[in-house]
Amino acid sequence: MTFFFRLVLATLTAALSLSTGAAQTDTKPGIKKNRPKPAPVAAVAAPAKSSPQGAAEARLIAIYRLIGQGNTLSALRQSEQLVKDYPEFALAQLVFGDLLTARTRPIQEFGNVSPEQRKSGSATLSDLKNESLLRLKALRERPPAGSVPAEFLQLSPRNKHAIAIDASRARLYLFENRANGMTLVADYYITVGKLGLEKQVEGDQRTPLGVYFITSQLDPKSLKDFYGAGALPINYPNMLDLKRGKTGGGIWLHGTPPGQFARAPLASDGCVVLANPDLTHLIRTVQIRSTPVLISNQLKWVPPPSLQPRSQEFTKHLNAWLEAKSSGNMAKLSAFYAPDFNNSGKTLSQWLPTLQREVAATQGLTLQIKDLSLLHWKDANETMVVTFGEVATGRRSGLTKRQYWSRQGQQWKIFYEGVV
Amino acid sequence: MKYARSVLFKALRLLTLVGACTALSSHADDYTDVSTLLRANKFPEAMTKVEGLLTTKPADPQLRFLKGVIQRNLGKPAEAIVTFTKLTEDHPELPEPYNNLAVLYAGQGDYDKARVALEMAIRTNPSYATAHENIGDVYARLASQAYNKALQLDNSNPAVPPKLALIRELFKPNLANAGPAAGTAVAAAAVKPAPAPAPAPSSKPVASVASAPASVATPVKPAVPVVAAAAPIAAKPAPAPVDDEAAKSAEAAVLAWAKAWANKDMANYLAAYGPEFTPGGKQSRSAWEKDRRDRIVGKSRISVTLSDLNVKVSGKEAVVKFYQAYKADALSISSRKTLTLQHNGKRWLITRESTGN
């Protein structure tokens, strides 16, 4: 018994002593977030088809906490209930097995399986250990209260939700864009590509890094069982990826196949995989086209006010472009476009006549930008993904435009522009 | 508080048994008859006998218990489950029917139900050793199943069948020939550690574990089988060359331990365990000692018969495996047991006690 106690403290560790919440729930406006309370003992929660807070994981963490407190009998009872509700939750089965074993003899290590089981399931066992560590780590090391990923430079009211993925933590964070700012409402364990990140070419089994948008929703009935509760494709390869010659496609956020509650941390062909209840909640919550999906190796969390200077600095460039476009001065306007501009195969010189026609159509009218969203992606280069409504004064509506700007020294140049 | 409760449970159980025994002392021979038939594997005859007795005493818990055991042996587990379930409803204070229910559920592969039944047995009688041992095996089976699910291994993986057989074996319930007359007669008999002229450390197994006691069972003198059962060990010639003095002394230590147990000689019984011995579960040594004392001293009679001893000595460690027929009051349990002993320079002391192979 004591061995098991020690083992949890040692391998599953400080999460228990820190008593971080299994899921962040305090999202009330204007309330300073304190360290969340331990998740309530969730034995009563029935398995919901959609889990706003990752109910199964919360219950698993509550079990870890009980083990950490030496309360292995309650932990056993709750793990029994958990595997009854989620029989396909392999990690929960492993913990349940350990708690049962601990009733008969000391546990030597987390996942105290028999030698035969170890022999035939060693890869799965080490995946489960990793999954456990990643889940705990993500729950132990919470994003600072009220902070947002630095890439979310500015989101418009039309971006009702935003998704940020921290691959190093195997975690997806779901934000709601509220009146008082971006609020983290849920986060989930995820699986990424077998061979890791930074997708380059088709079939490389990697997950792309960058800023994307959900493009559609696929009905699970039209999909193979393998994708579980459905799928939300994203727009990989985006304009930056195409510019860089990246290939492949069909990168989706999707569910898990029958028989698997969750998949190993690195297991997909490049997609982002969520447990079906989590994916279902995501599908019900987010909007198609206007929900950004940021995929990062490691998210950098910042307080929103710290983003303002950069946002203002970029907006100056955008306003200068707008002014040039309003003025109808094509020479001035074309200077904002990069030589390697590309719109669906059209080079800059092929595309400028289109721009000119647009300018002619609104001649004499001042253009305005509405619902501006700025997503700032930095790797070897610096890219701004800009989405806005372009409305001429006096008109009631306009087109929603998306531009990709690239930083070149002190200058920002547009290398893609199109209508969303 | 806890103590008071367990005392209460014991008192209840005692009352039932005394009640049953007093009321039926005239039928003590009937019990013996049924038991004898049972041991002789004459199950249809035992069933006829027990059903006849039940027509006059339909509520008698002993007879109903026997009936359940016979039903199981007749290969009617569903009927045995009904019998034992009703018995737990009418006598929730008795742990044995729960235990046997668990055996039947485990036999059907339903370890969840087996576990619940054993937990009830233990709740009923917290010091019920058999249920503790059985639940350990059930936990191990459940853990193995959970691990298979976790690792997405086939649950019919080859590691499973032997363990299952082990549980069936371990669980084999045999009702002792109950009744105060028999009780007093057997009381002090226990194990005769037999001077053992040539103990057979690596002897081949006694023909059949189940038939060993049956072959020597004599209905007339209940005291005989117990004593006689010990005889085969001693009498059996050693086909293999006798190992050495160490094996002999280790075997003698085990027999002395069994004798002390049967004689309720707590001083010698507890002294047989070395300081390294750690009780199973989360029990402390002192809690375990108290547990053992309560359990052993509280019995009106105990007999422990060992057979099929196998002794392996390497250096200061000896591993002794044997078949243990344990009888206490109303119930008898046969199981395989392994004792690990350490020689402390003077004598062999038990460091580990485990049930199973």
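Guide: A nonpolar core is a set of buried Ala, Val, Leu, Ile, Met, Phe, Trp, Tyr and Cys residues joined through C-beta atoms within 7 Å. Keep in mind that the model is predicted.

Visitor: Which residues touch the most other members of the largest nonpolar core?

Guide: In general, nonpolar side chains tend to be buried together in soluble globular proteins. Here the largest nonpolar core has 142 residues, and A:Ile190 and B:Ala102 touch the most other members. Leaving out residues up to four places away in sequence, A:Ile190 touches A:Ile165, A:Ala170, A:Arg171, A:Leu172, A:Val272, A:Val273 and A:Leu274. Another core, of 31 residues, lies apart from the largest one; B:Trp257, B:Ala272, B:Val311 and B:Ala318 are among its members.

Visitor: What is the make-up of each chain in helices and strands?

Guide: Chain A has 11 helices and 16 strands, while chain B has 15 helices and five strands. Of the 420 residues of chain A, 43% count as buried; for the 357 residues of chain B the figure is 44%. Taking contacts with a separation of 6 or more, residues 24 or more positions apart account for 61% in chain A and 65% in chain B.

Visitor: How many residues of chain A are in contact with chain B?

Guide: The size of an interface is often given as the accessible area lost when the parts come together. The description here is by contacts: 20 residues of chain A meet 17 residues of chain B. On the chain A side, the elements giving two or more residues are helix H5 (90-101) and helix H6 (115-140). By class, that side has nine nonpolar, nine polar and two charged residues.

Visitor: In what order do the five strands of the open sheet in chain A run?

Guide: Strands of a sheet pair through backbone hydrogen bonds, either parallel or antiparallel. In this sheet of chain A the order is E2-E13-E14-E15-E16, and the pairing is antiparallel. Strand E2 (152-154) and strand E16 (411-419) each have a single partner strand, so one side of each has no neighbour in the sheet. Direction ignored, neighbouring strands are turned by 25° against each other on average.

Visitor: Which strand is joined to E2(A) by two bridges, and which helix packs on the sheet?

Guide: Two bridges join E2(A) to strand E13 (residues 367-378) of chain A, and the two run antiparallel. A:Phe152 has A:Leu375 in E13(A) as its bridge partner. Helix H9 (residues 308-327) of chain A packs on the sheet, touching E2, E13, strand E14 (382-392) and E16, and its direction makes about 135° with that of E13(A).

Visitor: How many residues of H11(A) are buried?

Guide: An α-helix has 3.6 residues a turn, so residues three or four places apart point the same way. H11 (residues 348-361) of chain A has 14 residues and reaches 20 Å between its end C-alpha atoms, close to the 20 Å expected. The number buried is one, so H11(A) lies largely in the open.

Visitor: Which residues of H13(B) are buried?

Guide: Those buried include B:Ala250, B:Val254, B:Leu255, B:Trp257 and B:Trp261. Just after H13(B), B:Lys264 takes a positive phi of about 55°.

Visitor: Is B:Gly345 buried or exposed?

Guide: B:Gly345 has 6 other C-beta atoms within 10 Å, so it counts as exposed. B:Gly345 is in the loop between strand E4 (331-343) and strand E5 (348-355) of chain B.

Terms used:
Residues numbered from 1 in each chain as written. Chains lettered and ligands numbered in written order. Predicted model: local features only at pLDDT ≥ 70, side-chain atom pairs only at ≥ 80, totals over all residues. Helix = DSSP H or I, 4+ residues; strand = E, 2+ residues; numbered from the N terminus. Expected span 1.5 Å × (residues − 1). Buried ≥ 20, exposed ≤ 12 C-beta atoms within 10 Å, placed from the backbone. Contact = placed C-beta atoms within 7 Å. Nonpolar A, V, L, I, M, F, W, Y, C, P; charged D, E, K, R; others polar. Pairing = 2+ DSSP bridges. Axes fitted to C-alpha atoms, helices over the stretch in contact; angles between N-to-C directions.
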